[in-house]
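Please have the sequence and the model open while reading.

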Amino acid sequence: MRKLLNTLYVTSPDTYLSLDGENIVILKDEEEVSRIPLHNLEGIVAFGYTGASPALMGACAKRNIALSFMKQNGKFLARVVGEVRGNVTLRKAQYRLSDSQEESMKIARNFIIGKIFNSRWVIERATRDYALRLDV
């Protein structure tokens, strides 16, 4: 079991995830292994035979925390996610813009300018911070 950024990876086989108040409780052989607050997480990925209580699934869906189940080798099995919200008007405008070559070119041009600017900034920072390591 490992927590990277805001995602909890449960890699121990034969564990069970349950909800206790506002915490995820990880049980192995009916003994508590770990307890992690829900408000710290954006996602949970469980590998191997890992069960989860319906209460935990509901709490994850309510808080929009993705709960993914994988086989031990990493093959995807299932995912529980909360309500998906989207802006239909925004999507329609984006599709209309994608049909116009002229508008698409403006957007693409801004992406490229941003990439060049950021690349230059990274190079300048590297030459400043690691001047002794670079052959300039």
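In which helix do glutamate 124 and arginine 120 lie, and how many residues apart are they? Both lie in helix 3 (residues 101–129), four residues apart, which is about one turn of the helix; helices (H or I, at least four residues) and strands (E, at least two) are DSSP runs numbered from the N terminus. This is a predicted model, in which local features need pLDDT of at least 70 and side-chain atom pairs count only at pLDDT 80 or more, while totals for chains, interfaces and linings use all residues. Residues are numbered from 1 along each chain as its sequence is written, and side-chain values use heavy atoms, with hydrogens and water left out.

**Salt bridges**

- The structure holds six salt bridges, a salt bridge being a side-chain nitrogen of Lys or Arg within 4 Å of a carboxyl oxygen of Asp or Glu.
- Side chains of opposite charge can pair when their charged atoms come close.
- Glutamate 22 meets arginine 63 in a salt bridge (2.7 Å, N to O); because glutamate 22 lies in the loop between strand 3 and strand 4 (23–28) and arginine 63 in the loop between helix 1 (54–62) and strand 8 (66–70), the pair ties together parts that are 41 residues apart in sequence.

**Exposure of the paired residues**

- Arginine 120, at 56% relative accessibility, counts as exposed, whereas glutamate 124 is partly exposed at 38%; buried means under 20% relative accessible area, exposed over 50% and partly exposed in between (1.4 Å probe, protein chains only).
- Arginine 35 counts as partly exposed at 36%, and aspartate 20 counts as partly exposed at 39%.
- Glutamate 22 is partly exposed at 45%, and arginine 63 is partly exposed at 32%.

**Negative surface patch**

- Asp14, Asp29, Glu30 and Glu31 gather in a patch of negative charge on the surface, where patches are made of residues with over 30% relative accessible area and no salt bridge, like charges being joined within 9 Å and nonpolar side chains (Val, Leu, Ile, Met, Phe, Trp, Tyr) within 5 Å.
- Aspartate 14 lies in the loop between strand 2 (7–10) and strand 3 (15–20).

Terms used: Areas by Shrake-Rupley, 256 points an atom, 1.4 Å probe, with all protein chains shown as cover. Lys, Arg positive; Asp, Glu negative; His and termini not counted. Charge placed at Lys NZ, Arg CZ, Asp CG, Glu CD.
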